[in-house]
Amino acid sequence: MIRGRIWKYGKNVDTDVIIPGRYCNLSDPAELAKHCLEDLDPGFVKKVRPGDLIVAENNFGCGSSREVAPVSLKASGIAAVVATSFARIFYRNCINIGLPIFECPDVHANSEEGDELEIDPASGTIKNLRTGQVFQAAPFPEFMRKIMAKGGLIGYAGERLEEIKRA
């Protein structure tokens with residue numbers, strides 16, 4: 001289960017505002033986190049706490065395919081992103097680095113910033129703990145949940161290689 005307080009954003013939040021291009025030369029996730037969303041929400045990095053969630057409207061993560069965008073979100077403490085829809089490359093980059101994302105069109109319209117959500121990745125259910133409303137996102141297949149549980153594709157692949165070696 002994933003449980004956290006939400007930060008709400010609108011439509012078309014692109015990778016250029018998730019992590020501005022001037023920081024794309026950084027590779028340390030902790031350094032990237034210091035600049036996460038600074039052009040969209042300058043106080044974000046001072047307000048966000050580990051386990052918080054982002055809720056957004058459609059096309060979250062559009063723009064360039066920079067992998068550092070989801071890295072900066074994850075390193076800032078964001079535990080998951082719920083949006084009406086995601087840009088496809090951003091979606092895949094999130095899976096690759098182990099940042100859970102959920103497509104659910106009803107959460108944004110039925111929540112307020114600061115609400116707390118509880119998400120069950122296995123079933124795709126999302127509950128707003130303030131209102132009691134329950135929403136349904138598409139659940140991830142088991143292999144994708146395993147990738148995210150291992151912190152991303154590299155951790156998952158490493159585990160699978162070890163299993164093959166032992167077999």
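User: Is L37 buried or exposed, and what is its relative accessible area?
Analyst: This is a predicted model, where local features need pLDDT of at least 70, side-chain atom pairs count only at pLDDT 80 or more, and totals for chains, interfaces and linings use all residues. Residues are numbered from 1 along each chain as its sequence is written, and side-chain values use heavy atoms, with hydrogens and water left out. Buried means under 20% relative accessible area, exposed over 50%, partly exposed in between (1.4 Å probe, protein chains only). L37 is buried, at 0%.

User: What is the phi of L37, which is not a glycine?
Analyst: Most residues other than glycine have a negative phi. L37 sits in the loop between α2 (29–33) and α3 (44–47); helices (H or I, at least four residues) and strands (E, at least two) are DSSP runs, numbered from the N terminus. Its phi is positive, about 60°.

User: Which loop holds N59?
Analyst: N59 also has a positive phi, about 65°, without being a glycine. N59 is partly exposed, at 26% relative accessibility. Its loop runs between β2 (53–56) and α4 (68–76).

User: How many disulfides does a search of the whole structure find?
Analyst: A disulfide here is a pair of cysteine sulfur atoms within 2.5 Å. The closest cysteine sulfur to that of C24 is in C36, 12 Å away, so too far for a bond. For the sulfur of C36, the closest is in C94 at 11 Å, again too far. The search finds 0.

User: Which residues does N93 touch, beyond those up to four places away in sequence?
Analyst: N93 lies in helix α5 (residues 88–97). N93 is buried, at 10% relative accessible area. With contact meaning heavy atoms within 4.5 Å, N93 touches S65, R66, E67 and P70.
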